[in-house]
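Work through the exercises below with the sequence and the model at hand. Each task is followed by a solution in steps.

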Amino acid sequence: YSVALAYENNGDDSLAQASFEKLLNFAGFEPQGYLGLGRIYEKQGNSDNALEMYQKYIGLPDGGDNVPRIG
């Protein structure tokens, strides 16, 4: 996760995306992977895939308890 986040923070979205995808493939149950991919997809203008990642995150057993709330 730290590597993917570092790539994202440095503006290298393609490497960040690949790292978040690997995180999900290897860990399988990594909430931050879904959130990270959602952010990357949003930056790419791919709202359908972003929404899918956020829905998967919210559907996790935690129920998305760590989703930041606005307002």
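Predicted model: local features only at pLDDT ≥ 70, side-chain atom pairs only at ≥ 80, totals over all residues.

Residues are numbered from 1 along each chain as its sequence is written, and side-chain values use heavy atoms, with hydrogens and water left out.

**Exercise 1.** Which residues of helix 4 are buried, and what covers them?

Solution. Buried means under 20% relative accessible area, exposed over 50%, and partly exposed in between (1.4 Å probe, protein chains only). By this rule Ala50, Met53 and Tyr57 are the buried residues of helix 4. Their arc around the axis, taken from the directions from the helix axis to the C-beta atoms, is only 65 degrees, which puts them on the same side of helix 4. The cover over these residues includes helix 3 (31-43). With contact defined as heavy atoms within 4.5 Å, Met53 touches Tyr34, Leu37, Gly38 and Tyr41, not counting residues up to four places away in sequence.

**Exercise 2.** Which members of the largest nonpolar core touch the most other members?

Solution. A nonpolar core is a set of buried Ala, Val, Leu, Ile, Met, Phe, Trp, Tyr and Cys residues joined through side-chain atoms within 4.5 Å. Among its 13 residues, the answer is Phe20, Tyr34, Leu37, Tyr41, Met53 and Tyr57. Helix 2 (13-27), helix 3 and helix 4 each give two or more residues to this core. Helix 3 gives the most, with five residues.

**Exercise 3.** Where in the chain are the partners of the salt bridge between Glu8 and Lys43?

Solution. A salt bridge is a side-chain nitrogen of Lys or Arg within 4 Å of a carboxyl oxygen of Asp or Glu. Glu8 and Lys43 meet at 3.3 Å, N to O. Glu8 lies in helix 1 (residues 2-9) and Lys43 in helix 3, so the pair ties together parts that are 35 residues apart in sequence. Glu8 is buried at 8% relative accessible area, whereas Lys43 is partly exposed at 47%. Finally, Glu8, Asp13, Arg39 and Lys43 are linked in a network of salt bridges.

Conventions. Helix = DSSP H or I, 4+ residues; strand = E, 2+ residues; numbered from the N terminus.
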